[in-house]
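Morning, everyone. Please have a look at the screen.

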Amino acid sequence: MTRRDAIVVGGGVIGLAIAWRAAQAQLSVALVDDDPGKGASWAAAGMLAPVTEAHYGEQSLLALNLDSAHRYPSFVEELEAATGMTVGYRPSGTLVVAADDDDTAAIDELFRFQRELGVPVQRLRRRECRALEPLLAPRIRSGMVTEVDHQVDSRRLVDALLAAGEREGVTVHRRRATALRLDGNRAVGVTLSDGDVVEAATVVLAGSGRSRVRSCACAHRPRRRCWRARCGASCTARLCTWCPGPTGRSSLGRPSRSAGSTRR
Ligand SMILES: Cc1cc2nc3c(=O)[nH]c(=O)nc-3n(C[C@H](O)[C@H](O)[C@H](O)COP(=O)(O)OP(=O)(O)OC[C@H]3O[C@@H](n4cnc5c(N)ncnc54)[C@H](O)[C@@H]3O)c2cc1C
């Protein structure tokens with residue numbers, strides 16, 4: 001049995017960042033994940049998109065997301081300095097493209113809503129979209145651009161967070177957590193898949209919706225449909241968001257929908 005100040009179950013972008021920050025705050029930290037960094041954070045397109053993903057009823061969330069986006073450059077700078085690794089942060093703006101009349105109407109509506117909120121967005125004609133991104137098909141109708149939405153390489157990001165945590169003294173247990181250990185209704189530790197036990201004053205469950213740790217409520221998570229394609233591939237997705245990646249790989253995505261969580 002091992003004892004730490006904090007246990008973080010789940011080594012995705014959330015758990016890794018928490019573990020790193022907790023270790024920086026002088027806590028002894030155990031991170032539990034059989035394959036850190038290979039969950040949703042590995043699949044993600046890495047869009048940092050408070051503006052293009054702002055929707056009705058999410059005004060408070062928008063304020064939080066804009067604040068987070070504002071802090072992102074210094075977060076990246078600190079992480080890269082701590083590890084000597086790059087995370088592919090690209091403050092290059094995001095272009096939302098309409099392929100037909102329905103998309104155009106949807107973008108018009110989103111644009112009006114975002115302007116009402118005072119969010120910096122600009123409506124573009126087809127020619128202006130293609131000037132920004134020449135690989136777009138000539139038949140696209142129009143678009144919308146914002147300089148606020150950026151991108152990070154989510155795979156490099158989790159690699160760097162893992163390295164930063166380990167440098168800061170986080171102990172990584174490459175196993176599953178199979179059960180939460182309780183003292184009354186208080187979490188005091190976890191049992192690992194090999195039977196080992198780690199106890200701590202603070203237990204953080206950051207295993208996304210599929211953690212299957214007994215005795216805990218599963219979190220509700222958004223699921224996103226996303227297609228990845230090499231630059232130059234044609235896109236037939238409706239109202240897609242185009243996000244060129246730092247290594248020539250691009251991500252094409254549709255707006256997210258909530259439907260639990262799956263592992264693929
Ligand atoms: C296809 C796709 C594209 C996306 N694109 C974007 C995007 O462009 N921008 C954006 O902001 N978001 C995007 N998202 C959402 C984003 O990826 C997630 O919100 C984010 O990665 C969640 O991070 P996390 O750390 O909570 O979960 P994860 O990255 O899934 O990490 C959870 C970790 O917990 C571990 N774990 C689970 N259970 C246990 C257990 N019992 N014991 C030990 N370990 C356990 C798993 O192995 C995993 O490593 C996308 C998601 C998907 C699926």
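Start with helix α6, residues 154-167. It has 14 residues and reaches 20 Å from its first C-alpha to its last, close to the 20 Å expected at 1.5 Å a residue. That expected span is 1.5 Å times one less than the number of residues. Helices here are DSSP runs of H or I with at least four residues, strands are runs of E with at least two, and both are numbered from the N terminus.

A word on the source. This is a predicted model: local features need pLDDT of at least 70, side-chain atom pairs count only at pLDDT 80 or more, and totals for chains, interfaces and linings use all residues. Residues are numbered from 1 along each chain as its sequence is written.

The whole protein, briefly. There are six helices and 14 strands. Of the 264 residues, 34% count as buried. Buried means 20 or more other C-beta atoms within 10 Å of the residue's own, exposed means 12 or fewer, and partly exposed is in between, with C-beta atoms placed from the backbone. Now contacts: two residues are in contact if their C-beta atoms, placed from the backbone, lie within 7 Å. Among contacts with a separation of 6 or more, 67% join residues 24 or more positions apart.

Back to α6. Which of its residues are buried? S154, L157, V158, A160, L161, L162, A164 and G165. What covers them? The cover includes α1 (13-24), β2 (29-32), α2 (40-43) and α3 (59-83). Just after α6, G169 takes a positive phi of about 105 degrees.

Two packed helices are described by the angle between their axes and the distance between the axes. Axes are lines fitted to C-alpha atoms, for helices over the stretch in contact, and angles run from 0 to 180 degrees between N-to-C directions.

First pair: α1 and α6. They pack at an angle of about 30 degrees, with their axes 9 Å apart. So α1 and α6 are roughly parallel to each other. The cut-offs: under 35 degrees is roughly parallel, over 145 roughly antiparallel, 65 to 115 roughly perpendicular, and the rest oblique. α1 passes α6 in a left-handed crossing. Left-handed means that the near helix is turned anticlockwise from the far one by less than a right angle; right-handed means clockwise. On the α1 side, the contact is made by V13, L16, A17, A19, W20 and A23. On the α6 side, S154, L157, V158, L161, L162, A164 and G165 take part. By class, the contact of α1 with α6 has eleven nonpolar, two polar and no charged residues. Nonpolar covers Ala, Val, Leu, Ile, Met, Phe, Trp, Tyr, Cys and Pro; charged covers Asp, Glu, Lys and Arg; the others, Gly among them, are polar.

The angle is about 60 degrees, and the axes are 9 Å apart. These two helices are therefore oblique to each other. α3 also passes α6 in a left-handed crossing. L79, A82 and T83 of α3 meet A160, L161, A163, A164 and R167 of α6. That contact divides into six nonpolar residues, one polar and one charged.

Take D149, in the loop between β6 and β7. Is D149 buried or exposed? D149 is buried, because 25 other C-beta atoms lie within 10 Å. D149 and P50 are 99 residues apart in sequence, yet 6.4 Å apart in space, C-alpha to C-alpha. Leaving aside neighbours within four places in sequence, D149 is in contact with M47, L48, A49, P50, V51, T52, G93 and T94.

E147 sits in the loop between β6 (142-146) and β7 (150-151). With 13 other C-beta atoms within 10 Å, E147 is partly exposed. Beyond four places in sequence, E147 is in contact with G93 and P120.

Next, R176, in the loop between β8 (171-173) and β9 (177-183). R176 counts as partly exposed, with 19 C-beta neighbours inside 10 Å. The C-alpha atoms of R176 and D35 are separated by 8.7 Å, at 141 residues apart along the chain. Not counting residues up to four places away in sequence, R176 touches D34, L192 and S193.

Finally, Q26, in the loop between α1 and β2. Most residues other than glycine have a negative phi. Phi of Q26 is near 75 degrees, a positive value in a residue other than glycine. Q26 counts as exposed, with 10 C-beta neighbours inside 10 Å.
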